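Colleague: I am new to this structure and would be grateful for a guided introduction. May I put some questions to you about it?

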Amino acid sequence: MQCNFVSWDRYNRFVGDCQRADGASIASWMVEQGYALDWPRYSHGSYASQQADAQRAKIGIWVGTFTAPWDWRATHAANNKPGNDTSYGLTGRRQIAQSYSCQPRRYCKQISSCDEARWYLNNCSWGPKLDRDGDGIPCEGIC
């Protein structure tokens, strides 16, 4: 694998372009498989066709409903005022993922089912906080 520096983002993180040993773009592959989004702000639409293919095939993130990260951040940056929320309303094989989103500061008292607690545990950066004793079972009063 080889990565080339492109720029720094506003959080001072490295933005680069990486290729596999065979020269194929890792970013292109990730977007094509539905594991990443084409962010035109940085890519200038370089991966738009791969994203359209993944979206049509309903693979990866395209099996469910989600809001693009940049739209979510823009909506929540303005004192939580509703904004132009361009949620992608696709349905897919994993219906459970459609009704949950990683909202910050979740507590077991706010969760209504064991399935929901497990989804947060496995999909959200803060999910492990739901498993206080580290046994792999979140919200033990529910599960």
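Predicted model: local features only at pLDDT ≥ 70, side-chain atom pairs only at ≥ 80, totals over all residues.

Colleague: What percentage of the residues is buried?

Modeller: The protein has 143 residues. A residue is called buried when its relative accessible area is under 20%. Buried residues make up 26%.

Colleague: In what order do the secondary structure elements follow one another from the N terminus on?

Modeller: The secondary structure comes to 5 helices and 4 strands. Read from the N terminus on, the order of these elements is β-β-α-α-α-β-α-β-α.

Colleague: Which residue is 4.5 Å from Phe-5 in space, C-alpha to C-alpha, although 11 residues apart from it in sequence?

Modeller: Phe-5 belongs to strand S1, which covers residues 2–8. Leaving aside residues up to four places away in sequence, Phe-5 touches Phe-14, Val-15 and Gly-16. The residue 11 places apart in sequence and 4.5 Å apart in space, C-alpha to C-alpha, is Gly-16.

Colleague: Is Phe-5 buried, partly exposed or exposed?

Modeller: The relative accessibility of Phe-5 is 47%. Buried requires a value under 20% and exposed one over 50%. Phe-5 lies in between, and therefore counts as partly exposed.

Colleague: Which element gives the most residues to the lining of the second largest pocket?

Modeller: This pocket has a volume of about 600 Å³. The elements that give two or more residues to its lining are strand S2 (14–19), helix H1 (26–32) and helix H2 (40–43). With 5 residues, the element that gives the most is S2.

Colleague: How many of the residues lining the second largest pocket are nonpolar?

Modeller: The lining consists of 19 residues, and those nearest the pocket centre are Val-15, Gly-16, Ala-27, Tyr-42 and Tyr-47. By class, 2 lining residues are polar and 4 are charged, while the number of nonpolar ones is 13.

Colleague: How many residues does the largest nonpolar core have?

Modeller: In soluble globular proteins, nonpolar side chains tend to be buried together. Here the largest nonpolar core includes Ile-111, Trp-119, Trp-126 and Leu-130. Among the residues that Ile-111 touches, not counting those up to four places away in sequence, are Ala-117, Tyr-120 and Cys-139. The number of residues in this core is 8.

Colleague: Why does Ala-54 count as buried?

Modeller: Ala-54 is placed in helix H3, residues 48–57. Its contacts, not counting residues up to four places away in sequence, are Val-31, Glu-32, Gly-34, Ile-59 and Trp-62. Buried means a relative accessible area under 20%. Ala-54 counts as buried because its value is 0%.

Colleague: Where is His-44 found, and is it buried or exposed?

Modeller: His-44 has a positive phi of about 55°, although it is not a glycine. Its place is in the loop between H2 and H3. Exposed means over 50%, so at 70% relative accessibility His-44 counts as exposed.

Colleague: In which loop is Lys-58 found?

Modeller: Lys-58 is not a glycine either, yet has a positive phi of about 55°. With a relative accessible area of 36%, Lys-58 is partly exposed. Its loop is the one between H3 and strand S3 (65–66).

Terms used: Residues numbered from 1 in each chain as written. Heavy atoms only, no water. 1 Å grid on protein atoms, 1.4 Å probe; cavity = no way out; pocket = protein on both sides within 12 Å on 5 of 7 lines; lining within 4 Å. Points joined across faces, edges and corners; volume = space filled by probe spheres on them. Nonpolar A, V, L, I, M, F, W, Y, C, P; charged D, E, K, R; others polar. Buried < 20%, exposed > 50% of the residue type's maximum accessible area, 1.4 Å probe, protein only. Core = buried A, V, L, I, M, F, W, Y, C linked by side-chain atoms within 4.5 Å. Contact = heavy atoms within 4.5 Å.
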